Amino acid sequence: MKLHNTLLACASALALSSGAALADPVTVGMITTLSGGGAGLGVDIRDGFMLALEMDGSDAIHLVVEDDAQRPEQAVQIADRMIQSEGAQILTGIVWSNLAMAVVPSVTAQDIVYVSPNAGPSPLAGAMCNENYFNAAWQNDMLHEAAGAYANTLGYNDTFIMAPNYPAGTDALTGFKRRFDGELAGEIYTQLGQTDYAGEIAQIRASGADSIFMFLPGGMGISFMRQYAQSGVDLPIISAAFSFSQDMLPATGEAALGVYNAGQWSPDLDNAANTAFVAAFREAYGRTPSIYASQGFDSANLILSAVAAADIEDRDAFRAALRAADFTSVRGDFAFANNQHPIQDVYIRQVVEVDGEITNQLVGLAIEDYVDVYAADCAMN
């Protein structure tokens, strides 16, 4: 099965099987990042989502895809247009937490369902949780907490930590520190979208650190790792899957080998659904899927399961169908906590080279049945 990139980039009518015939397809608006330094993340979310719809093979979803160019104001404008002009009944797709914070509260206030395939800022998991907001990926702190816990296992005692200065970066460092038992050799926030890390590498060199924790997704991580490899600094790095996802590894190259990173999914995770997904993605797109692609795939299948079970015009029934999460996730067991964020296992992966491809390989389980700490602040039962 081959999907054409031109089709994927356009508004599309694809979709899903349904337990009952629908008079009209459900319109899903996908707002994601398809240009600029973060484009690889959005492309993989889109491609994973589209693959799920293609594999399902029916016609009950009308998917409209637009590029937010990683600009919050543009994302808000697209969301309003999709709801008002396109008649979108569900929105999805946002990669970046600052965009999610701009878009999601407005969307849910209009009684439109939003299913996140990536961004999981802490306010939306806690006090700002909403019955119309579902996160099919994780809460931002989750994978970083697992990295902090595994840093203890590795014996790191003086770790230098860094992340971009935006909501997901703040959550990342907060999550790491929550489980890390050692001391911090330094803590810095970089600019979102930064490409030159000479100053930060100089600070790391002078800090006396024995290790580095970094969260730099997309082009930021590629730039840092290339410069770090050339710097002569040789400290071990631990991270979360975002900074060492499959979309980045070809560009990062051998500099990434050996890095440990935490993720709720890996291409070698041993279950039937994941094996089928990885094979289908490689056949469709000619590359190994990233964690973002897996989240797009799961988000689509979550929506498919709800559309099959309930009429979206009956909001209470449709939300109940989403909460039931009656689909087979590529990550294994999947259920929602009270704040409609996943309860799931988090694994440690290591970047390795297999048959000439730089990829991630499972090392072991870091945290079992994780529930984010912000669920306690969510008023939903």
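Helices (H or I, at least four residues) and strands (E, at least two) are taken here as DSSP runs, numbered from the N terminus. On that basis the protein chain has 13 helices and 14 strands. Its radius of gyration, taken over C-alpha atoms, is 20 Å, close to the 21 Å that the globule rule (2.2 Å times the number of residues to the power 0.38) gives for 381 residues, so the chain is as compact as a globular protein of that length. Along its principal axes the C-alpha trace spans about 65 × 45 × 35 Å.

This is a predicted model, in which local features need pLDDT of at least 70 and side-chain atom pairs count only at pLDDT 80 or more, while totals for chains, interfaces and linings use all residues. Residues are numbered from 1 along each chain as its sequence is written, and side-chain values use heavy atoms, with hydrogens and water left out. The pLDDT, which is the predictor's confidence in each residue from 0 to 100, averages 93 over the protein chain, and 94% of the residues score at least 70. Over residues 1–23, however, pLDDT stays under 50, although the model has 63 contacts (heavy atoms within 4.5 Å) beyond four places in sequence for that stretch. Where pLDDT is low, the predicted coordinates should not be read in detail.

Of the 381 residues in the protein chain, 58% are buried, where buried means under 20% relative accessible area, exposed over 50%, and partly exposed in between, with a 1.4 Å probe and protein chains only. Among contacts between residues at least 6 apart in sequence, 72% join residues at least 24 apart. The accessible surface, from the Shrake-Rupley method with a 1.4 Å probe, comes to about 13,700 Å², of which 47% belongs to carbon and sulfur atoms. The chain carries 16 positive and 45 negative charges, whose mean positions are 4 Å apart; Lys and Arg count as positive and Asp and Glu as negative, while His and the chain ends are not counted.

Some individual residues can now be placed within this picture. S122 lies in helix 5, which covers residues 122–125, and counts as buried at 13% relative accessibility. Beyond residues up to four places away in sequence, S122 touches Q139, D171 and Y374, whereas its C-alpha atom is separated by 24 Å from that of N152, 30 residues away along the chain.

G148 belongs to helix 6 (residues 141–153) and is buried, at 0% relative accessibility. Leaving aside neighbours within four places in sequence, G148 is in contact with F176, R179 and F180. T159, in strand 7 (residues 158–164), is likewise buried at 0% relative accessibility, and the residues that T159 touches, not counting those up to four places away in sequence, include F176 and F180 as well as D210, S211, I212 and F213.

Most residues other than glycine have a negative phi. D111, in the loop between helix 4 (97–109) and strand 5 (113–116), has a positive phi near 65° and is partly exposed, with a relative accessible area of 32%. A325, in the loop between helix 13 (315–324) and strand 12 (335–336), also has a positive phi, of about 50°, but A325 is buried, with a relative accessible area of 6%.

Technical notes
Charge placed at Lys NZ, Arg CZ, Asp CG, Glu CD.
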